[in-house]
Amino acid sequence: MKRALQVVLLVHVAAAHAQLAVSVSPVKATGSKAVVPLAIKNGFGEKIESARAVCFLLDDQGKVVGHSTQWVIGAGREKSALAPGATNAFDFVVASDRPLTTTNLTARVSFSRVVLEGGKLADVNKEVQIQNADK
């Protein structure tokens, strides 16, 4: 019983600490494009080979006015892996079919895939923490 309690406590502590921390800055919109700056920090003990995220652009009524899916870490020659403890900036560009008429836009970002060194997949629901930066 004591051993089971120790395992439960250890799992709970590990789950409370995000391994990939992402800070989403306010949206900067011009014409029919918007830029959403991300600050990404690798808290894993191994490098992140690649990470894919989706960004939804919402107007002041919560309606989706644009979205984009991109590799924000790795997955290409120009994009390198993210070393343990390192931080990186990424500008998510979201194009809209129509000109963005409101300046009160909000970005919702979520990660669909995080690949660690050696091809190991991270659990994006437990190990990725996304927060909005102060406006």
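Strand β4, which covers residues 48-58, is joined to β7 by 10 bridges, and the two strands run antiparallel. Within this pairing, Leu57 has Ala107 of β7 standing opposite, and these details, like everything that follows, are read from a predicted model. In general, the strands of a sheet pair through backbone hydrogen bonds, in either a parallel or an antiparallel arrangement.

The pairing of β4 with β7 belongs to an open sheet of three strands, whose order is β5-β4-β7 and whose pairing is antiparallel. At the edges of this sheet lie β5, spanning residues 64-74, and β7, spanning residues 106-116, each of which pairs on one side only. When direction is ignored, neighbouring strands of the sheet are turned against each other by 15 degrees on average.

The contacts and the surface of the protein complete the picture. Among the contacts in the protein with a separation of 6 or more, 66% are accounted for by residues 24 or more positions apart. Of the 135 residues of the protein, 33% count as buried, with burial taken as under 20% relative accessible area. The accessible surface of the protein comes to about 8600 Å², and 52% of this surface belongs to carbon and sulfur atoms.

Notes
Residues numbered from 1 in each chain as written. Predicted model: local features only at pLDDT ≥ 70, side-chain atom pairs only at ≥ 80, totals over all residues. Heavy atoms only, no water. Pairing = 2+ DSSP bridges. Helix = DSSP H or I, 4+ residues; strand = E, 2+ residues; numbered from the N terminus. Axes fitted to C-alpha atoms, helices over the stretch in contact; angles between N-to-C directions. Buried < 20%, exposed > 50% of the residue type's maximum accessible area, 1.4 Å probe, protein only. Contact = heavy atoms within 4.5 Å. Areas by Shrake-Rupley, 256 points an atom, 1.4 Å probe, with all protein chains shown as cover.
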